[in-house]
Amino acid sequence: MKSGKKMLTGLTLQELEQFAESIGEKKFRGRQLFSWLYEKRATGFVDMTDLAKGLREKLEAVAAIGCLQLAGRTQSNESNTVKYLFQLQDNHSIESVLIRESSRRTCCLSTQAGCAFKCSFCATGAMGFHRDLTAGEIVDQVLFIEREAGVDLTNVVLMGMGEPLQNYDAVIKACRLLNHPDGLAIAGRHIVLSTVGIVPAIYRFADEGHPFRLAISLHAPTDEKRRILLPIGRKYPLAELMKAVRYYAQKARQHPTFEYVLLAGVNDSEQDAEDLVRLLKGLPCKINLIPYNAAIEKFSTPDAQAVDRFVQRLLPLQAPVSVRWSKGADIAAACGQLAIRHP
Ligand code: SAH
């Protein structure tokens with residue numbers, strides 16, 4: 001609600017049809033609104049030229065579009081990356097990142113204002129949890145950035161602030177809107193949800209059979225180490241997490257991606273790599289190594305040689321391993337650096 005008006009961004013086709021009827025209009029107006037909102041990325045009712053002037057005025061009076069206010073924008077000097085700071089209507093802030101690479105245009109979205117999980121190396125974790133985002137606030141990050149940057153996004157990763165699977169309903173609703181063929185039409189396999197490892201939510205996600213992909217923040221190969229880095233590891237030990245991931249992999253017929261942040265001297269030894277091989281053996285998967293992006297002082301980034309050694313030790317898995325030297329580290333837009341620091 002914006003000054004008592006109904007917020008349309010984030011509503012599904014069915015909800016827009018219901019809304020149209022609720023203001024005394026024909027149901028098919030809902031489909032027109034859907035197309036204006038998500039396919040044509042309209043910013044105001046004036047744009048909606050196939051609606052009669054009277055209807056546009058009526059909509060203006062009772063409804064609103066767009067829930068985000070731009071509060072800051074930082075362009076990286078090193079890479080084609082832009083960080084956006086948005087203010088929500090209740091004054092909380094979130095960040096999103098646009099990453100442009102050769103053929104890919106990826107948006108990294110926030111799903112919560114802040115985060116409750118307190119992973120010891122993550123800047124967002126250090127700021128604490130404020131609230132869940134609505135589906136509208138999640139989708140609007142994409143709509144806003146596409147308009148502002150003049151791009152058609154090809155990929156969306158839910159790896160900004162927050163834990164997607166803890167804000168499950170809004171996140172899935174937003175992903176469906178992003179994926180809808182009559183709307184933004186982003187391919188399901190190009191929408192990735194990254195989770196800290198909430199076991200019951202992984203089962204739910206698997207059982208619901210979504211086209212979206214799941215990435216799991218593993219970050220350590222043993223419970224002993226993982227518990228220290230990710231407090232959630234105390235609630236869900238690795239055996240339970242891995243069981244859930246195997247279940248998902250089988251159900252979804254997907255090769256899950258494991259994210260592993262490399263922290264110098266903490267989880268980047270050859271022994272750690274060997275433990276990781278043991279943990280993942282027999283599970284077809286992808287591994288995404290993320291050399292640490294400076295965020296919390298007590299951790300540091302391993303050098304290229306240490307990263308290389310780690311990669312070599314993973315060869316027995318015969319799994320694709322990618323090393324993500326992050327984009328946008330100079331503007332604190334890289335993984336785990338999102339915590340509302342703008343120049
Ligand atoms: N809550 C979700 C998504 C958030 S962040 C999750 O935990 O998966 C996306 C990834 O960046 C996670 O794997 C997270 O652990 C990692 N990350 C956090 N801080 C980081 C940092 N400073 N450097 C590199 N990766 C980091």
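Modeller: I start with Glu224, which sits in helix H8 (residues 223-229); helices here are DSSP runs of H or I with at least four residues, strands are E runs of at least two, and both are numbered from the N terminus. The model is a predicted one, in which local features need pLDDT of at least 70 and side-chain atom pairs count only at pLDDT 80 or more, while totals for chains, interfaces and linings use all residues. Residues are numbered from 1 along each chain as its sequence is written, and side-chain values use heavy atoms, with hydrogens and water left out.

Glu224 is exposed, because its relative accessible area is 62%, where exposed means over 50%, buried under 20% and partly exposed in between, computed with a 1.4 Å probe on protein chains only.

Phe205 belongs to helix H7 (residues 199-208), and with a relative accessible area of 1% Phe205 is buried. If neighbours within four places in sequence are set aside, Phe205 is in contact with Tyr168, Ile172, Leu193, His210, Phe212, Leu214 and Tyr248, contact meaning heavy atoms within 4.5 Å.

Another part of the helical packing can be followed from helix H2 (residues 28-39), whose 12 residues reach 16 Å from the first C-alpha to the last. That span is close to the expected 16 Å at 1.5 Å a residue, the expectation being 1.5 Å times one less than the number of residues. Within H2 the buried residues are Gly30, Gln32, Leu33, Phe34, Ser35, Trp36, Leu37 and Tyr38, and these pack against helix H1 (13-22), helix H3 (53-62), helix H5 (135-149) and helix H6 (168-179). After H2 comes Arg41, with a positive phi near 50 degrees.

Positive phi values return in two loops. Ala185, in the loop between H6 and strand S10 (191-195), has a positive phi of about 55 degrees although it is not a glycine; its relative accessibility is 43%, so Ala185 counts as partly exposed. Arg253, in the loop between helix H10 (238-252) and strand S12 (257-262), is likewise a residue other than glycine with a positive phi, near 45 degrees, and a relative accessible area of 76% makes Arg253 exposed.

Two further positions take the account to another loop and to a strand. Gly265 lies in the loop between S12 and helix H11 (270-280) and is exposed, since its relative accessible area is 76%; Gly265 and Ala306 are separated by 41 residues in sequence and by 9.7 Å from C-alpha to C-alpha. Arg73 is part of strand S3 (residues 69-75) and is partly exposed at a relative accessible area of 38%, while Met159, 86 residues from Arg73 in sequence, is 18 Å from it in space, C-alpha to C-alpha.

Behind these local views stands the whole chain, whose secondary structure comes to 12 helices and 14 strands. Its radius of gyration is 21 Å, close to the 20 Å that the globule rule gives for 343 residues, so the chain is as compact as a globular protein of that length; the radius is taken over C-alpha atoms, and the rule is 2.2 Å times the number of residues to the power 0.38. Along its principal axes the C-alpha trace spans about 70 × 45 × 35 Å. Of the 343 residues, 55% count as buried, and among contacts with a separation of 6 or more, 66% join residues 24 or more positions apart.
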